[in-house]
Amino acid sequence: MDWSTHSVSNQVDELREVDLLAIDPALQQHLRRLGAAWALPGLHAYGTALGRSETFAQAAQANAAGPVLQRFDARGRRIDDVRFHPDWHALLTLLRGQGWMARPFADRRPGRWAAAAAGMLLHGQVEAGTLCPATMTQAAIPVLRRDPALWAWLGERLLDARHDPSDRPIDAKPSIWLGMGMTEKQGGSDVRANTTTATPIGGADSAEALLRGHKWFYSAPSSDAHLVVARTPEGGLSCYLVPRWRPDGQRNAVRIQRLKDKLGNRSNASGEVEFEDAWGLRVGEPGRGIPTILEMATHTRLNCVLGSTALMRAGLVQALAYARQRQAFGRPLAQQPLMRSVLADLALESEAALVLALRLAQAFEDAEGPAPDPLARAWQRLMTPAAKLWVCKRAVAQAGEALEVLGGNGYVEESSLARLYREAPVNSVWEGSGNVMALDLLRALGREREAAQRLWDDLAEGCGDEPRLRAAQVALAPLCQGRLDPALAEGQARRITQRLVLLAQAVLLRRHAPVAVAEGFIATRFGPDTAGIFGALDPAALDVEALLARALPETPPASD
Ligand SMILES: Cc1cc2nc3c(=O)[nH]c(=O)nc-3n(C[C@H](O)[C@H](O)[C@H](O)COP(=O)(O)OP(=O)(O)OC[C@H]3O[C@@H](n4cnc5c(N)ncnc54)[C@H](O)[C@@H]3O)c2cc1C
């Protein structure tokens with residue numbers, strides 16, 4: 001007689017042992033379109049490494065263990081260090097070794113920004129915490145390379161593809177990580193309220209200063225240096241490079257008070273720090289600290305869009321793979337009409353985020369150099385905050401919906417979807433929260449009339465004679481042509497941002513995606529049933545089969 005009560009049936013493992021790029025025809029197609037075909041072999045190798053069970057396990061372990069603050073060594077000397085699980089370092093080694101972080105600055109080939117974006121899109125599907133130090137380090141590069149002396153000191157170390165976790169002075173290290181420090185207790189969005197002071201060493205004109213004060217959020221606090229905003233004796237704000245070690249070989253007085261106990265992003269350390277006359281070296285012009293750090297923030301905002309797009313893709317892939325196998329009421333979930341509506345909607349949202357994120361990345365490339373493309377500059381200035389608000393918010397909703405496709409299995413900690421869900425809100429909060437992004441868009445529309453007009457003209461061209469898009473575009477005219485009452489606009493800033501982003505996504509899909517995707521997006525986002533929960537759509541308006549096949553081919557196409 002068999003006494004066993006333990007049998008397992010109709011349980012579906014998460015998708016593993018796949019090349020994350022091979023199962024994503026849309027990403028491959030858009031990379032080729034953007035001139036990044038040369039990067040595909042490397043990205044396939046990276047997608048394969050990331051898609052392994054072992055890498056997913058490392059991601060789970062790095063998050064479960066989390067960082068631990070070590071303020072003192074065994075004999076009581078301050079070290080203000082953070083200890084990480086070895087899997088955190090393994091993931092950073094993988095990330096940095098693949099080279100996407102430095103690629104936009106180390107490589108001159110067209111498509112370099114799209115290729116770098118793809119690296120982030122792949123990595124972010126498996127582990128998001130490691131993207132934080134990578135993003136801050138990458139984003140500091142355009143700021144630091146403006147200063148020849150600083151670049152001569154740091155440039156090679158920033159572009160180096162090795163991960164060096166050692167806690168040593170910068171001069172002793174082949175490669176370094178950087179962070180940023182703006183947010184203080186009394187305010188994060190309003191950087192002008194910063195109270196940390198910088199007292200120049202040896203005369204008012206000196207670029208060296210001693211910093212006193214604090215930062216309330218200081219992610220990756222054990223990075224080799226941070227760019228920090230502080231107030232000068234003249235009352236203005238300047239930006240300073242504050243390393244862990246001073247030039248005289250002593251530890252710099254950056255005291256890590258504690259680490260935040262965060263909702264998500266748990267593999268990554270975010271500290272609270274105090275500066276006890278910490279040594280800093282000014283970056284950028286005196287009194288221009290906010291524009292200096294904002295150049296860095298603009299780049300980090302692009303990466304927030306990419307990171308959230310990656311989360312959306314990760315949720316979609318696992319949801320679809322699960323629904324194709326899991327049976328309910330006698331059929332796989334993916335064959336149930338209502339589940340198909342949900343999955344198709346998630347697929348539309350995911351590709352809309354993808355084309356937007358890649359267009360933005362391309363704009364960063366085309367806006368570089370002595371003759372920047374004016375449309376690219378317009379995209380960079382106007383669409384960065386708009387996309388940051390929209391995509392990061394949509395990722396939160398999408399994470400909850402993708403989790404639910406797995407039912408209770410999605411809600412338990414063994415599921416990668418649970419971690420993804422906890423991770424999702426952070427991109428919306430940091431680097432400029434939602435409202436701040438909407439207000440930034442409004443400010444830019446008001447100040448940068450020529451850029452707004454260029455964007456509007458481009459969107460008009462992209463709408464063609466599609467009546468639903470044409471109507472949406474005409475409704476945006478007052479915004480882009482400076483005919484907006486600023487007093488009324490502020491309360492509507494989210495509404496305006498939403499309209500602009502949806503239109504931009506529709507135009508991009510119309511130009512660059514298959515008809516099923518473009519038409520599906522327009523029908524569901526510009527029709528009578530817009531705005532609501534995922535799956536609340538009329539499937540008769542969609543080619544659901546085509547959408548699901550593109551989102552996750554049943555048989556992945558052969559690799560390049
Ligand atoms: C995990 C994590 C890591 C972080 N790491 C760093 C880091 O490394 N370095 C760093 O400098 N910061 C970091 N931050 C801080 C983050 O950038 C700030 O939390 C964020 O900028 C918001 O600032 P705040 O928390 O002070 O909120 P507040 O500025 O008080 O804003 C609160 C809310 O009010 C809204 N708001 C603000 N102004 C307006 C307005 N005029 N109209 C309407 N609404 C408004 C905001 O959108 C927000 O929703 C991190 C935050 C998190 C969560």
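I count a polar contact as a pair of N or O atoms within 3.5 Å; within protein, one must be able to donate a hydrogen and the other to accept it, and residues adjacent in sequence count only if both atoms are side-chain atoms. This is a predicted model, where local features need pLDDT of at least 70 and side-chain atom pairs pLDDT 80 or more, while totals for chains, interfaces and linings use all residues. Numbering runs from 1 along each chain as its sequence is written, and side-chain values use heavy atoms, leaving out hydrogens and water.

I looked up Phe217 and found a backbone N or O atom 3.4 Å from a nitrogen atom of the ligand. For Met180, a backbone N or O atom lies 2.9 Å from a ligand nitrogen atom. Glu431 has a polar backbone atom 3.4 Å from an oxygen atom of the ligand. Next I checked cover: the ligand alone exposes 980 Å², of which the protein buries 67% (Shrake-Rupley method, 1.4 Å probe).

**Ligand, shell.** I found 20 residues around the ligand (a heavy atom within 4 Å). The closest are Met182, Thr183, Gly188, Ser189 and Ser219. By class, I noted nine nonpolar, nine polar and two charged residues in the shell (Ala, Val, Leu, Ile, Met, Phe, Trp, Tyr, Cys and Pro are nonpolar; Asp, Glu, Lys and Arg charged; the others, Gly among them, polar).

**Helix pair.** I then turned to α10 (residues 337–366) and α21 (residues 515–525), which pack at about 105 degrees with axes 10 Å apart. The two helices are therefore roughly perpendicular (65 to 115 degrees).

Terms used
Axes are lines fitted to C-alpha atoms, for helices over the stretch in contact, and angles run from 0 to 180 degrees between N-to-C directions. Helices (H or I, at least four residues) and strands (E, at least two) are DSSP runs, numbered from the N terminus. Angles under 35 degrees count as roughly parallel, over 145 as roughly antiparallel, 65 to 115 as roughly perpendicular and the rest as oblique.
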